[in-house]
Amino acid sequence: MSHAPAHHGHPVEHPEDEGPRRPWALLAVALAAQILVVLDISVVNTALPTIGQSLHLAGGDLQWLVTAYLMMSGGGLLLGGRVSDLLSRRGVFLTGLGLFTAASLVSGFAGTGTQLVVARAVQGLSAALLTPSALSLITTTYSGAQRRTALALWGAVGSLGVAAGVLVGGAITTWTSWQFVFWVNGPVGLVALLVGRRVIAREKTTAPARSAFDIPGAATVIAGLAVLVHTLGNTATHGWWSVRTVAGLGASAVLLVTFLKVEQRATRPLFPPHVWKLRPLVSGTTVMLGVTGILVGTVFLASIFMQTVMGFSALRTGLAFLPFALAITVGTVVARHLLAHATPRVIAAAGLVLAAGASALLSTASAGSQYAVDLLPGLAGLGLGVGMVFVPVSVTSMTGIPDTHAGVASGFLMTGHEIGAALGVAVLSAVAGTAGSLATPDGAVHGFSRGLVGAAVIAAVVAVLALVRMPATRAAAGAAVHLH
């Protein structure tokens, strides 16, 4: 759902750093592309029941429309950053934008669930090229006050775009059809592509060695995550203790361990070995992974519950999430003020405890539930709690990281955020699937309840982890933050 703020790690700029003013056209193109990337994280949520009925998808298959995108985006993010550093930023950006636009159009024409999931995966892989190359273009083109303004707008797009996606998806689905949720990207992407070709300057680059990209590392981590998510998605059909499930989890573990071994031997690893020794970064990323999973997984289940059980239209469902998005914003503001009075780990743990209580409250929803009485208090509490976690986690994760390593550290944290979102949907959907099919009203009631109990348990576990593993020292309350 909402993209958390995260410390960007760029060096503080001084008045003497002011360079020549550049036209804003490049920023407009980069932001247009990023809006497409961010919207497509959540725009599908409110269209899920409609898409499921149209393509005859089982309840357990709906989560793939979300996780395929997030998994490829998160798994390929660091490789995308490496590619944009080694090759032409202009070329990587335009390639990613063109591929994203084409995949969006193909998504709208999909006639089966498999076709749509594959197209969504290509969208996610395109986003993994688009996001780092767009941000890199901004930071290398602008300087001084212009760069600060550009990064502020980038952060605003990340924060508001995902929340807006739920509403946009609901409006488009209600007024037209679910296909236009994807087709709307076509004209925007095409215009951005044409303008980008004119305003983004060409660069001279030398051909890097193939080993510089760490393709084996990217392939093993994406394969490991794909097998894990696929296995979790099939537990509703095959059961948690079936041979197929156990074998899938074992294969995923082998692939992820192989990834770690590959990173130790790679010439230019995606995750340098020393990153794993940075306790604030590793613990913060782990907490970020958990809280993002709770957030996005809950939005996934709540979207289905509102439409399948309560009979909400897609538009009304989108509107119902606006207080939730507002509560997340309030939570981040509260956390910023609390940083001056309490340690980050205490604030993060308190937010997670609040999220656990709100999830437990939401789990009591029934077939006769009313939005204002039975859902709104829990959604508001969950949004407030999650918002309180993002700021302390983002700030402490970057504590003590030198500017020379800020890019790697930020990428590590952002990858945890994206992968956490994919795993959150997969895990909570799998837990919900043990109570019934999410495609039927009765199954959706029991599945939502059990899934939110699972979210409460995960929040409680992550709260303990935050309290034990995050640094006990206080951080500056005014740390500048931004994250796609």
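This is a predicted model: local features need pLDDT of at least 70, side-chain atom pairs count only at pLDDT 80 or more; totals for chains, interfaces and linings use all residues.
**View 1. Helix α14 and its buried and exposed residues.** Helix α14 comprises residues 322-338, 17 residues in total. From its first C-alpha to its last, α14 reaches 25 Å, which is close to the 24 Å expected at 1.5 Å a residue. Buried positions in α14 are F324, A325, A327, I328, G331, T332 and A335. These residues lie on the same side of α14 because they cover an arc of only 155° around the axis. An α-helix has 3.6 residues a turn, so residues three or four places apart point the same way. On the face of α14 turned away from the buried side, L326 and H337 are exposed.

**View 2. The packing of helix α15 with helix α16.** Helix α15 is formed by residues 344-362 and helix α16 by residues 371-397. Their axes come within 7 Å and cross at roughly 160°. With this angle, α15 is roughly antiparallel to α16. The crossing in which α15 passes α16 is left-handed. Sorted by class, the residues in the contact of α15 with α16 are 19 nonpolar, six polar and one charged.

**View 3. The packing of helix α15 with helix α18.** Helix α18 spans residues 441-469. The axes of α15 and α18 are 8 Å apart, and the two helices pack at an angle of about 165°. An angle over 145 degrees counts as roughly antiparallel, and α15 is therefore roughly antiparallel to α18. The crossing of α15 and α18 is left-handed.

Notes
Residues are numbered from 1 along each chain as its sequence is written. Side-chain values use heavy atoms; hydrogens and water are left out. Helices (H or I, at least four residues) and strands (E, at least two) are DSSP runs, numbered from the N terminus. The expected span of a helix is 1.5 Å times one less than its number of residues. Buried means under 20% relative accessible area, exposed over 50%, partly exposed in between (1.4 Å probe, protein chains only). The arc is that of the directions from the helix axis to the C-beta atoms. Axes are lines fitted to C-alpha atoms, for helices over the stretch in contact, and angles run from 0 to 180 degrees between N-to-C directions. Angles under 35 degrees count as roughly parallel, over 145 as roughly antiparallel, 65 to 115 as roughly perpendicular and the rest as oblique. A crossing is left-handed if the near helix is turned anticlockwise from the far one by less than a right angle, and right-handed if clockwise. Ala, Val, Leu, Ile, Met, Phe, Trp, Tyr, Cys and Pro count as nonpolar, Asp, Glu, Lys and Arg as charged, and the others, Gly among them, as polar.
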